[in-house]
Amino acid sequence: MPHSFAFCANEWVRHNPTESRVTVKLKFRAYSNGMTKGLHRYYGNHDLHFITCSCYHRQPQLDTAKRRDLFLSILEEARQKYRCVVHGYVVMPEHFHLLMTEPEVGDPSVVMKVLKERFTRKLRTEGAPLIASFAMSGLSCPEPAPVWQKRFYDFNVWTEQKEIEKLRYMHRNPVKRGLVDRPEHWEWSSFRSYLFGETGPVRVRFQEWPMEIKARPVATFGEPNAANLPVIRSGPLIRKERE
């Protein structure tokens, strides 16, 4: 499970409220254990974000090359518009994973909202969406089914080791699912950008603008005013409960 680490960190902090500095750091990054209901977002720390989003009821809305290409073109447009750096991605038939920085414009929730809505509109203009007859059976003209599950999973990545772990997980996903024999054979991931230095449909680890990161004082445990200072250099975390 990609988010078991966050769950364990949350439980550890809950049962050990007076632990060390490392535990306090985990507390800042603790995730809700209520699946999509009660998810919390923690922004403002300049962490990477490992995002997972599934299609509605795991329907394979991304099961064709044309749709996956469309999705990646929209992702690249969003990357440029909101000024974020994509570290990795993979698009599967019924879900996708994305490893990205926090954007300079908006936040990851804004990027995800735009990405999902634009892709949905494109599909519906093609007359492609499924019909949710089970949900709208009382109407003579049933509405199209949602393309995406509500919300998304977001795991804060703040170490190089965890970043490598998430990249490996993403790039091996198509092989594990039996879609291809080798990661480089799947065209809709960032693996070829790392292996061959290719410029794919989404620019990976590429930045066209200077990041404006403001350094803040670091709290040292034991200092009289430590409670009023951020624990880490990049500033206070923002808790966001909705997309």
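**Surface, fold and a helix pair**

The protein exposes about 13500 Å², and carbon and sulfur atoms supply 53% of it (Shrake-Rupley method, 1.4 Å probe). This is a predicted model, in which local features need pLDDT of at least 70, side-chain atom pairs count only at pLDDT 80 or more, and totals for chains, interfaces and linings use all residues. Residues are numbered from 1 along each chain as its sequence is written, and side-chain values use heavy atoms, leaving out hydrogens and water.

Of the 243 residues, 45% are buried (under 20% relative accessible area, 1.4 Å probe, protein chains only). The fold has six helices and six strands (DSSP runs: H or I of at least four residues for helices, E of at least two for strands). Their order along the sequence is α-α-β-β-α-β-β-α-β-α-α-β. Among contacts (heavy atoms within 4.5 Å) between residues at least 6 apart in sequence, 69% join residues at least 24 apart.

Now the strands. E2 (residues 48–54) and E5 run antiparallel, joined by five bridges; DSSP must find at least two for strands to pair. His49 has Asn156 of E5 as its bridge partner. Four of the five residues of E5 (residues 153–157) are buried, so this strand is largely enclosed by the rest of the structure.

Next, a helix pair. H3 (residues 65–82) packs on H4 (residues 108–125) at about 145°, with the axes 10 Å apart. Axes are lines fitted to C-alpha atoms over the stretch in contact; angles run from 0 to 180 degrees between N-to-C directions. H3 contributes residues including Leu70, Phe71 and Ile74, and H4 residues including Val114, Leu115 and Phe119. The contact residues of H3 and H4 divide into twelve nonpolar, no polar and four charged (Asp, Glu, Lys and Arg count as charged; Ala, Val, Leu, Ile, Met, Phe, Trp, Tyr, Cys and Pro as nonpolar; the others as polar).

How values were computed. Buried means under 20% relative accessible area, exposed over 50%, partly exposed in between (1.4 Å probe, protein chains only).
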